[in-house]
Amino acid sequence: MASTPSGNRPASPRGARGTRIHVISDVHGNAEALARAGEGADALICLGDLVLFLDYADHSRGIFPDLFGEENADRIVELRTARRFEEARELGARLWAGIGADRAGAIEKAVRKQYAEMFAAFPTPTYATYGNVDMPPLWREYARPGTTVLDGERVEIGGRVFGFVGGGLKTPMRTPYEIDDEEYAAKIEAVGEVDVLCTHIPPEVPELVYDTVARRFERGSRALLAAIHRTRPRYSLFGHVHQPLVRRMRIGATECVNVGHFAGSGTPWALEW
């Protein structure tokens, strides 16, 4: 297997190569680039976070500023970046109180609007798993024929076995799809030995989980790291950390790759064999 950022060169004509897979993560509302993400590839893999709740680079974009305005978005980003999570939660609680009793309904309506656009942009075939800001119960409703949703499951693509584990672990941010360490570890165990291990979050390695712009360590998985040591997949692919200290490193026999912040780059990462 060989890998490159897909923007480095044009794809070879079909028949002149083997299998080419494009991998993306952290789409966060970038439907325009998503519609082009599968060009020149045999399949697209998406590692989650389709929803844009709040854009930390442009505070005018996302569900939060749509509901509460850019000024409140500025303030909550400031608090979270300073790790003043309790103050951020208090601000959020005051703002949501103004929405009334139907907070869940307001969020779901906004997410549904984004999902309709995102899933319509997926090429065929797409293999996808959830990110920590996604709402899994809605995915099977919006996934069209040609889009396969996997979580704690395996699939064969081009003669290679790919395992998928979605979601994130519990954090003070309390994003929608955060699960217990034990539940996450069980999904890793269910996947077993694969050629390529695809997850939303990275293994728990300091260089891979530190975000240089947010200036904090995101949560990675110790169970994922243990599985890499134990099962030695060819690749461990993930996203979640938008501006990692290290994007790529080898752990034993495994090449660990953060496939990039697709919302910002619009460029998939390519894997060929």
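This is a predicted model: local features need pLDDT of at least 70, side-chain atom pairs count only at pLDDT 80 or more; totals for chains, interfaces and linings use all residues.

Trainee: Which residues of α3 meet which residues of α4?

Mentor: Helix α3 covers residues 70-81 and helix α4 covers residues 85-97. From α3 the contact takes in N72, R75, I76, L79 and R80. Their partners in α4 are F85, E87, A88, L91, G92 and L95.

Trainee: How many residues of each class does the contact of α3 with α4 have?

Mentor: G92 of α4 is part of the contact, and Gly counts as polar. Sorted by class, the contact of α3 with α4 has three charged, two polar and six nonpolar residues.

Trainee: Are α3 and α4 roughly parallel or roughly antiparallel?

Mentor: Their axes are 8 Å apart and pack at an angle of about 155°. The crossing of the two helices is left-handed. Angles over 145 degrees count as roughly antiparallel. Therefore α3 and α4 are roughly antiparallel.

Trainee: What is the arrangement of α7 relative to α9, roughly parallel or roughly antiparallel?

Mentor: Helix α7 (residues 181-191) and helix α9 (residues 222-231) pack at about 25°, with axes 9 Å apart. Angles under 35 degrees count as roughly parallel. The arrangement of α7 relative to α9 is therefore roughly parallel.

Trainee: Is the crossing of α7 and α9 left-handed or right-handed, and which residues make the contact?

Mentor: The crossing of α7 and α9 is right-handed. By class, their contact has five nonpolar, no polar and two charged residues. On the α7 side it is made by A185, I188 and E189, and on the α9 side by A223, L224, A227 and R230.

Trainee: Let us turn to the aromatic rings. Is the pair of F119 and W139 stacked or edge-to-face?

Mentor: The structure holds 14 aromatic pairs. In this one, the ring centres are 5.3 Å apart and the planes are at 85°. Planes over 60 degrees apart count as edge-to-face. The pair of F119 and W139 is edge-to-face.

Trainee: How are the rings of F119 and Y142 arranged, stacked or edge-to-face?

Mentor: Y142 lies in helix α6, 23 residues from F119 in helix α5. Both F119 and Y142 are buried. The ring centres are 6.5 Å apart and the planes are at 25°, so the pair is stacked.

Trainee: Which residues do ring pairs link into a cluster?

Mentor: F119 has ring pairs with W139 and with Y142. The cluster linked by ring pairs consists of Y115, F119, F122, Y130, W139, Y142 and Y177.

Trainee: Is I21 buried or exposed, and which residues does I21 touch?

Mentor: I21 lies in strand β2 (residues 20-24). Its relative accessible area is 0%, so I21 is buried. Not counting residues up to four places away in sequence, I21 touches A41, A43, I45, I157, W269, A270, L271 and W273.

Trainee: Where is W273 placed?

Mentor: Leaving aside neighbours within four places in sequence, the contacts of W273 include I21, I157 and G158. W273 is placed in the segment after β16.

Technical notes:
Residues are numbered from 1 along each chain as its sequence is written. Side-chain values use heavy atoms; hydrogens and water are left out. Axes are lines fitted to C-alpha atoms, for helices over the stretch in contact, and angles run from 0 to 180 degrees between N-to-C directions. Helices (H or I, at least four residues) and strands (E, at least two) are DSSP runs, numbered from the N terminus. Angles under 35 degrees count as roughly parallel, over 145 as roughly antiparallel, 65 to 115 as roughly perpendicular and the rest as oblique. A crossing is left-handed if the near helix is turned anticlockwise from the far one by less than a right angle, and right-handed if clockwise. Contact means heavy atoms within 4.5 Å. Rings of Phe, Tyr and Trp (its six-membered ring) pair if their centres lie within 6.5 Å; planes under 30 degrees apart count as stacked, over 60 as edge-to-face and the rest as tilted. Buried means under 20% relative accessible area, exposed over 50%, partly exposed in between (1.4 Å probe, protein chains only).
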